[in-house]
Amino acid sequence: GDILDDYSKTDGVWILTRNKQLYKTNNERECADKCEAERNFTCRAFLFTRKILQCLTLAENAKMTVTFTSTDTDLYEKRIYLMQCKRGIGTDYRGTEAKTQRGIPCQKWAEKIPHKPNYTPEKHPNAGLEENYCRNPDADESGPWCYTTDPATRFDYCAIPECEDQVTHTGEGECMQCNGEDYRGEVSRTESGLECQRWDVQEPHMHGFILKHYPEKDLKMNYCRNPDGELRPWCFTTNPNKRWEYCNIPRCTTPPPVSGLDSQCLSGRGEDYRGRIAVTESGNACQHWNTQFPHKHGWIPDRYPCKGLEENYCRNPDGEKKPWCYTTNSSIRWEYCTIPPCDRTEQGIAGMNDVPVQAPLTEECYQGKGQSYRGTTSVTVSGKKCQAWSSMFPHRHIKTPDRFPDADLRDNYCRNPDGDSSPWCFTTDPNTIWEYCNLKRCDDHTQQ
């Protein structure tokens with residue numbers, strides 16, 4: 001797997017730490033390699049600054065120190081050091097619980113008072129015996145423990161919850177199909193073990209994901225959901241320092257239910273089209289979905305297993321007007337495809353002959369000022385989620401779908417209804433009214 005899968009990424013954040021090492025690297029993966037190989041201290045996280053390709057390996061993560069906003073810097077934290085729960089008997093537990101199940105503070109592993117320890121950082125350098133955190137260096141069947149600061153009690157076990165406790169039901173809903181858009185299970189902890197915030201409360205994080213604005217998304221209790229087309233279900237957390245995080249929900253082993261028949265013709269927007277047409281309406285051959293040349297993109301088949309992204313066939317994974325594809329022409333990023341309608345009477349509705357070839361628009365780039373952008377990105381440059389355009393919470397505004405009928409103000413997708421310099425959105429963070437979106441401008445070789 002990708003080395004970055006072991007890290008949790010937070011955009012636009014800098015953390016203050018004394019113990020760090022500076023390296024020059026070309027990308028985030030090289031920086032992760034430096035963190036893995038760090039010998040000056042236990043590397044829990046790294047900062048990567050894209051503009052100057054600066055890599056800082058860190059002994060601390062955001063749970064242990066102060067964070068600041070830093071536009072061009074991304075924080076990558078090792079997931080194992082964010083876990084607040086234990087897997088199995090917890091030999092790999094690296095959380096920060098530092099008291100016993102009875103509430104007695106733990107003795108530091110490197111100290112000899114009040115108890116002289118058999119397990120020390122020197123004797124067991126790979127056991128994570130740092131500070132006075134609960135650990136399981138001897139693979140005790142009862143889980144993580146520590147020497148206590150009570151002279152009368154040499155050691156005791158710690159009350160670390162099981163990560164598996166978050167999946168308490170084994171019903172059909174406890175695994176996810178596709179990207180979990182239809183997941184309706186009751187997992188309510190994030191992948192690092194944090195408890196989820198209820199969708200109907202605004203503490204500790206205010207947000208715009210309210211049931212009445214997303215009636216089909218089943219935003220019940222504090223269950224993990226995917227209301228906005230993320231890679232998998234997530235939730236806001238009850239930790240004031242971590243706004244949201246993905247949930248660890250297993251992918252179902254059974255194949256997803258087929259929604260009707262995989263269509264070989266155009267019905268509606270063609271989201272269920274699974275035919276083999278692989279040429280655009282102007283005659284350009286389609287680029288294979290699993291390649292990044294000549295156009296780099298985010299519609300990777302492994303990430304979106306239910307979108308039918310096979311070979312280089314025309315598809316509609318993002319709710320576009322009709323099926324499309326990236327082209328093998330380096331000057332034209334993407335185009336619609338001509339798919340025969342299922343019902344010939346739909347010929348006029350489908351508009352096969354009168355849809356102009358628009359400027360390329362995708363989930364990750366825009367043309368000009370982005371007023372024609374119709375992708376599904378819903379995250380800002382600093383990583384904040386977008387507020388739905390039809391919502392007035394947490395920010396009241398006049399950029400509503402009925403006032404701007406031609407701007408396609410659907411859901412909470414990034415748009416540019418007012419001729420700003422690039423697509424933007426109102427954010428679900430009450431302290432930030434709006435921000436530009438995390439989108440790049442397309443290389444436009446066609447406009448003069």
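What is the handedness of the link of Cys314 and Cys337? With -85° about the S-S bond, this link is left-handed. The model is predicted, with local features requiring pLDDT of at least 70 and side-chain atom pairs pLDDT 80 or more, while totals for chains, interfaces and linings use all residues. Residues are numbered from 1 along each chain as its sequence is written, and side-chain values use heavy atoms, without hydrogens and water.

The protein chain contains two helices and 15 strands, taken as DSSP runs (helices H or I, at least four residues; strands E, at least two) numbered from the N terminus. Of its 448 residues, 48% count as buried, that is, under 20% relative accessible area with a 1.4 Å probe, protein chains only.

Helix 1 (residues 28-37) has Glu28, Cys31, Ala32 and Cys35 as its buried residues. They cover an arc of only 100° around the axis, which puts them on the same side of helix 1; the arc is that of the directions from the helix axis to the C-beta atoms. An α-helix has 3.6 residues a turn, so residues three or four places apart point the same way. The buried residues of helix 1 pack against strands 1 (7-15), 3 (45-49), 4 (54-58) and 5 (67-78), contact meaning heavy atoms within 4.5 Å.

The structure holds 14 disulfides, each a pair of cysteine sulfur atoms within 2.5 Å. Among them, Cys31 and Cys55 have sulfur atoms 2.0 Å apart. This pair links distant parts of the chain, helix 1 and strand 4, 24 residues apart. With 85° about the S-S bond, the link is right-handed.

How values were computed. Buried < 20%, exposed > 50% of the residue type's maximum accessible area, 1.4 Å probe, protein only.
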